[in-house]
Amino acid sequence: VSPVDLGSTFDALGTTAVVLVAEPGRQDDARAAVEVEIDLIDRTCSRFRSDSELVALNAAAGTPFPASPMLAEAVGEALRAAALTDGRVDPTLGRAMQDLGYDRDFRSVPPVGPPIEISLRRRGRWTEIDVDAEAGTITLPEGVELDLGATAKALCADRSAGAAFAATGLGVLVGLGGDLAVAGPPPDDGWSVRVADDHAAGPDAPGESVLLSAGGLATSSTTVRRWARGSDELHHVIDPDSGRPAAVWWRTASVAAGTCLDANIASTAAILLGPDAPDWLAERGLPARLVRPDGSVVLVAGWPDDGGATP
Amino acid sequence: VSRLTRWGIVVATAATGLFGFLLARPVTTSAHVATSAGTDDQGGESVGVTPTTAGSATAPAAGKTKSKTPTTQQQLQAPVQQPQRSNRHTQTTTGGS
C-alpha cells in the first residue's frame, strides 16, 4: 500500500494539509473529521478573514469580548507559549506583522515592495491580556492585536489528529504546513517523515528521515515565507524586542515533543533564541535538529544521527 | 496547685496544640499552578495566575488569567518516544511553511 492510498493532501489554512491513516479504508472518515477542525480554527483564529472571531476580538481591544470556547482555548495556548518562552513566542505581534507587510494570506503578499518603517512597541503586553473563563470573556489591552499564527495551526493539528483517531479508531498522522501530529497506534515502527527546509519539498529533498510514533513534530524556518521591502529581506518569525524578523542564526529548527503544539512552540523559540537554542531545548528534553544557514546541523537531546547522510 | 495555675496550664496546652496544628497542616501557596496531561483535561482551578513554567524563577509574572476552564500543561511536554532514524520510504515531510 503506497502512502497515497493511505491518505490525502489538500489546501487549508493557507498551506497544505496532509491526512494519513495507518490502514486503508477509512481515509474519507479521517479527512472529514480533520476538515471540521480546520474549518473551526479558520473561522475562529484567522487574521485574514474579515468574519473571523479573532478579527472581532482585535477590533474590540480595550473592552471585554465574549469569546467562544475555541477562541478561549487558542488564546490560552498562545499565552502559555509566551509564558513558557519568556515572552519570545509573543501573540501580540499582529500589528508588527501588518507593518512588515504580512497583512493578508501569504500567497497574496507582494514579494517585493517599498521600504517600510518599523515602530518599536513595548514588549510583554501579552501579560496584560485578561482571559476570564468564568465570564467567558477576553480583554485585550488597547493598541494590541493578536496574531495566533505561531500556535493555532499546531493546535489545530493536535485537535485534528485526535478527532480523526476518534472517528476511525486507527492511527493517524495530520500535517498542516509541516506541523505534524500523531494519534493512535502508528503503522509498523512509526510514520516515516522527511525533515527538510520546506514542508512542500519532495521525499528526496535535502534533509533526513525519521520515524515518529507519537506526539508531534514541527519545523520553523527562516527560508520560507520571505518577502522584501526596500532592501530588507523579511521573514515571518518576529523578534518581539525589535518588531523585526529574527536574526537568522538557524535556517530551520525541527523539534519533536509530546504534542505538535509544544513542538511548534519550541521550534519557534529556537529560531528566536539563536545560539542559546541547543541548551534551552536540551534542558527541556526536546529532541531537535537545528540547521545553520551554511547547512551544518546541530542535533539535540537524542535526535537521531543520520550517519552523515545529510548534505 | 492553685486554681489560677490550673487554668494557666489548660490555656498553655490549648495554645501549644493550636500552634502545632497550624505548623503541621499542609501549606497552600497563593500561586497554585495546575498541571494536566493535555489541553483537553478538565484540570484544577488556577486563579490569578498566568501560565508559568513550574519552578521557574524567570517566568514573567502576570495575573490576568482567571481559569475555571481546562488548565493546560505548564511545561513543554517532551516526547514519550524519541524519533528514530528512518530508512523507509518517506510518507510526509516537515519543514517551513
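The model is predicted: local features need pLDDT of at least 70, side-chain atom pairs count only at pLDDT 80 or more, and totals for chains, interfaces and linings use all residues. Residues are numbered from 1 along each chain as its sequence is written, chains are lettered from A and ligands numbered from 1 in the order in which they are written, and side-chain values use heavy atoms, with hydrogens and water left out.

**The interface**

Chain A brings 73 residues to the contact and chain B brings 40. Contact here means heavy atoms within 4.5 Å. About 4500 Å² is buried between the two chains, with 55% of it from carbon and sulfur atoms. Buried area is the accessible area (1.4 Å probe) that two parts lose on being put together, summed over both. On the chain B side, B:L76, B:T94 and B:S97 lose the most area to chain A, together 17% of what that side buries.

The rule finds one salt bridge across the interface. It needs a side-chain nitrogen of Lys or Arg within 4 Å of a carboxyl oxygen of Asp or Glu. A:D189 and B:R88 form the bridge, at 3.1 Å from N to O.

Three strands of chain B, β2 (65–67), β3 (84–85) and β4 (92–96), each supply at least two residues of the side that touches chain A. Strands (E, at least two residues) and helices (H or I, at least four) are DSSP runs, numbered from the N terminus. β4(B) gives the most, with five residues.

**Strand pairing**

Two strands pair if DSSP finds at least two bridges between them.

Eight strands of chain A form an open antiparallel sheet, in the order β1-β2-β6-β7-β10-β15-β16-β17. Its edges are β1 (7–12) and β17 (297–300), each pairing on one side only. Neighbouring strands are turned by 10 degrees against each other on average, direction ignored. Helix α1 (27–45) of chain A packs on this sheet and touches β1, β2 (15–21) and β6 (172–176). The direction of α1(A) makes about 20 degrees with that of β1(A). Axes are lines fitted to C-alpha atoms, for helices over the stretch in contact, and angles run from 0 to 180 degrees between N-to-C directions.
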